[in-house]
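Hi,

Here is the structure I promised to pass on.

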Amino acid sequence: MSVILSKELLRKSIHLTGMLFPAIYYFTDRFTLLFWLSLIVIVILQFEWMRLRGYISYPAVLLRPSEEHRVAGYVYSTTAAFIVIALFPKTIAIAAITMAVLGDFSSGIAGAVWGKKADVRQMSLPIKPKPILLVMLVVSFSTGYLAANAPGLAPLPVYSLALGALGATLADGVPWQIRGHVFDDNLTIPLVSAMLMLVSSGI
């Protein structure tokens with residue numbers, strides 16, 4: 001196993017803890033989860049502020065080199081989960097966060113196996129290779145479909161889930177930027193996915 005793949009497996013495995021948000025949301029209500037999630041966001045923002053100013057440090061294996069002097073991906077993914085849960089219906093929020101966590105995990109591992117970094121900002125051509133995009137699309141759709149069809153959740157049309165998976169893939173594979181500022185895909189994946197599912201489903 002290559003060093004790059006080993007590091008990506010470890011880092012992405014930690015990101016899988018993000019699946020706790022849709023899992024907990026399934027068994028509770030929006031207000032309760034947002035209350036606790038807001039406290040988590042405040043705490044991680046405080047720790048991130050301390051890290052970026054050198055007061056504390058994390059093990060190097062947990063961060064990409066590009067995150068050494070900028071906000072790390074876990075901060076964006078946790079903040080995105082809070083926003084999606086606050087703004088979108090329960091089924092859409094659960095499906096979008098599931099697509100973001102498991103799709104991005106699979107895309108990162110596929111990128112490591114492919115032999116190139118999964119971070120599109122490190123590439124001269126600002127789009128991921130097609131096989132990695134295909135992995136992201138398939139995993140996002142299949143996991144989002146299973147999540148959205150869990151017992152007790154309001155069902156979503158299959159085409160809405162497909163559009164959500166496509167949005168997640170585009171947000172993961174192509175860097176979204178405004179005036180040269182590139183948005184972190186941990187933030188854009190669940191937001192773009194949830195927005196497309198909401199618009200297409202007519203909820």
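Confidence in the chain is lowest in helix α1 (residues 3-15), with a mean of 71, and highest in helix α2 (residues 20-27), at 96. Those values are pLDDT, the predictor's confidence in each residue, from 0 to 100. The chain has a mean pLDDT of 87, and 91% of its residues reach 70 or more.

Some ground rules: this is a predicted model, in which local features need pLDDT of at least 70, side-chain atom pairs count only at pLDDT 80 or more, and totals for chains, interfaces and linings use all residues. Residues are numbered from 1 along each chain as its sequence is written, and side-chain values use heavy atoms, with hydrogens and water left out.

The chain has eight helices and two strands (DSSP runs numbered from the N terminus: helices are H or I, at least four residues; strands are E, at least two). Their order along the sequence is α-α-α-α-α-α-α-β-β-α. The C-alpha atoms fill a box of roughly 45 × 40 × 40 Å along the principal axes.

Now for the helix pair. Helix α5 (residues 90-114) packs against helix α7 (residues 158-173) at about 45°, with the axes 10 Å apart (axes are lines fitted to C-alpha atoms, for helices over the stretch in contact, and angles run from 0 to 180 degrees between N-to-C directions). On the α5 side the contact is made by A95, M99, D104 and S107, and on the α7 side by L161, G164, A165 and D172 (contact means heavy atoms within 4.5 Å).

Best wishes
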